Amino acid sequence: MTGDSSHYRLATKATRTGQYQDLSDQHSEALALTSSYVFADAEDAAEKFASRRPGNVYIRFTNPTTLAFEQRIAAMEAGDDAVATGSGMAAYTAMALALLEAGDHVVLAEGIFGTTTNLFKVYLSKFGIETSTASVVDLDQWRSLVRPNTRMFVVESPTNPLMYVADLHELSLLAGEHGIVLAVDNTLSTPVFQTPLALGADLVLHSAGKYIDGQGRCGGGVVVGRQELTDKIRGVMRTVGPALSPFNAWVFLKGLETLPIRMREHSRNSSELASWLAGHRVVEHVYFTGSPDHPQARLIAKQLSGHAGLVSFTIRGGRPEAWRVIDELKLISNTTNIGDTKTMVTHPATTTHGRLSAQEKAIAGVTDNLIRLSVGFEDIHDLIADLDEALWAVGSGRTTPTKGEVR
Ligand SMILES: *Cc1c(COP(=O)(O)O)cnc(C)c1O
């Protein structure tokens with residue numbers, strides 16, 4: 001591809017925007033596995049070090065493969081620029097260091113990734129940054145929490161594991177009225193299903209090791225947004241140093257090429273599994289953005305064009321029954337990651353949300369009988385058979401469905 005790619009549609013940007021070739025005329029993007037770069041002459045070195053001339057300086061803040069990944073995800077998320085980091089949490093840390101200072105106040109959405117809450121409440125609080133939390137479904141609560149020193153809203157939509165949705169456009173209007181930066185974690189939906197920047201958000205964050213990698217191989221993160229904001233974040237990268245490995249950047253760059261087709265398959269398999277679970281006797285409730293009885297179905301139809309692989313459900317019983325289901329599964333892996341080709345099961349109350357207090361768990365809706373699935377690409381009949389046997393073991397009395405039965 002030559003020239004500007006901004007007029008292309010998403011799948012074209014996913015495969016074509018952000019290119020890096022070395023000297024071999026290769027078609028697949030090159031991996032620049034190098035920590036330093038040769039300067040043309042002494043003046044070139046001085047100009048590049050002073051950021052007066054574009055180009056590569058040192059692995060901690062410049063790499064051409066990482067740059068290609070940043071350009072591609074920036075194009076897909078409709079942002080000016082992107083900054084890649086060594087993990088999703090490093091993206092949050094770099095964003096906070098760049099944009100917040102002592103005395104600032106941040107509002108976090110309730111029920112977001114537990115480590116994100118910890119970063120703000122345990123670590124950033126040490127540097128005088130105050131935090132409040134608000135429910136993603138209650139805009140009035142956000143409005144009532146705004147103070148003169150409120151600088152940032154941090155939102156995940158949908159939330160994990162209960163899949164509630166924030167009205168991102170309404171929230172961006174409220175943030176805009178008060179000059180507040182709206183940062184949206186788009187790890188779950190990816191730009192394939194929603195583009196928060198186009199809805200009015202200022203920054204988008206990803207844990208890139210989830211759907212962007214898509215096969216559970218690499219860790220990494222990225223923050224995308226307006227140039228004036230990403231420039232400040234890039235400054236933090238140079239000094240603080242949570243850089244992404246170029247190898248991981250290359251995996252993510254190639255992962256983006258298949259992201260649109262992979263997300264459609266995640267959406268198809270998770271939709272089928274969610275509707276099967278909803279009809280199961282042992283299952284109390286299914287939490288899935290595609291459920292017809294989701295309390296925010298209208299907002300979801302407006303805001304999301306598909307559903308990630310996340311399906312959570314509560315079963316009759318408590319922790320012993322939930323653990324029993326997990327231990328009975330033969331095909332589905334017991335691991336806390338999300339966004340892999342392989343289907344995974346998690347008991348949030350004792351793993352991902354285990355560090356939350358009982359009250360925080362109650363607010364997040366993480367009960368002892370809650371089980372979370374990240375649905376991958378196995379045949380849906382095999383996934384259903386595995387779950388059916390495990391659920392039967394805790395007392396459903398339901399027999400294994402005849403082969404081929406998918407409701
Ligand atoms: C995993 C995850 C993170 C943290 O990312 P890491 O890459 O594990 O540091 C943040 N937000 C969401 C929604 C996640 O799923």
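**A buried threonine and its surroundings**

Q: Which residue's side chain makes a polar contact with the side chain of Thr-289?
A: This is a predicted model, so treat the distances as computed ones. The two side chains come to 2.8 Å, inside the 3.5 Å cut-off for a polar contact. The partner of Thr-289 is His-307.

Q: Is Thr-289 buried or exposed?
A: Thr-289 sits in the loop between E8 and helix H12 (297-303). Among the residues it touches are Pro-158, Met-163, Ile-300 and Leu-304. Its relative accessible area is 5%, and the cut-off for buried is under 20%, so Thr-289 counts as buried.

Q: Which strands stand at the edges of the open sheet of 5 strands?
A: The order is E8-E9-E12-E11-E10, with mixed pairing. An edge strand has a single partner strand, so one side of it is left without a neighbour in the sheet. That picks out E8 (283-287) and E10 (333-334).

Q: How many of the 7 residues of strand E4 are buried?
A: E4 (residues 150-156) runs parallel to strand E2 (residues 105-109), joined by 4 bridges, and parallel to strand E5 (residues 181-185), joined by 5 bridges. Leu-108 stands opposite Val-154, while Val-155 stands opposite Val-184. E4 is largely enclosed by the rest of the structure, since its buried count is 6.

Q: How many residues are in the largest nonpolar core?
A: In soluble globular proteins, nonpolar side chains tend to be buried together. Here, Trp-142 is among the core members that touch the most others, along with Phe-69, Phe-153 and Val-155. Leaving aside neighbours within four places in sequence, the contacts of Trp-142 include Leu-108, Phe-153 and Val-155. The count for this core is 85.

Q: At roughly what angle do the axes of helix H3 and helix H11 cross?
A: The axes of H3 (residues 64-76) and H11 (residues 246-278) come within 8 Å, and the crossing is left-handed. The contact is made by residues including Phe-69 and Ile-73 of H3, and Trp-250 and Leu-253 of H11. The crossing angle is roughly 30 degrees.

Key. Residues numbered from 1 in each chain as written. Predicted model: local features only at pLDDT ≥ 70, side-chain atom pairs only at ≥ 80, totals over all residues. Heavy atoms only, no water. Pairing = 2+ DSSP bridges. Helix = DSSP H or I, 4+ residues; strand = E, 2+ residues; numbered from the N terminus. Core = buried A, V, L, I, M, F, W, Y, C linked by side-chain atoms within 4.5 Å. Buried < 20%, exposed > 50% of the residue type's maximum accessible area, 1.4 Å probe, protein only. Contact = heavy atoms within 4.5 Å. Polar contact = N/O pair within 3.5 Å; in protein donor to acceptor, adjacent residues only side chain to side chain. Axes fitted to C-alpha atoms, helices over the stretch in contact; angles between N-to-C directions. Left-handed = near helix turned anticlockwise from the far one by under 90°.
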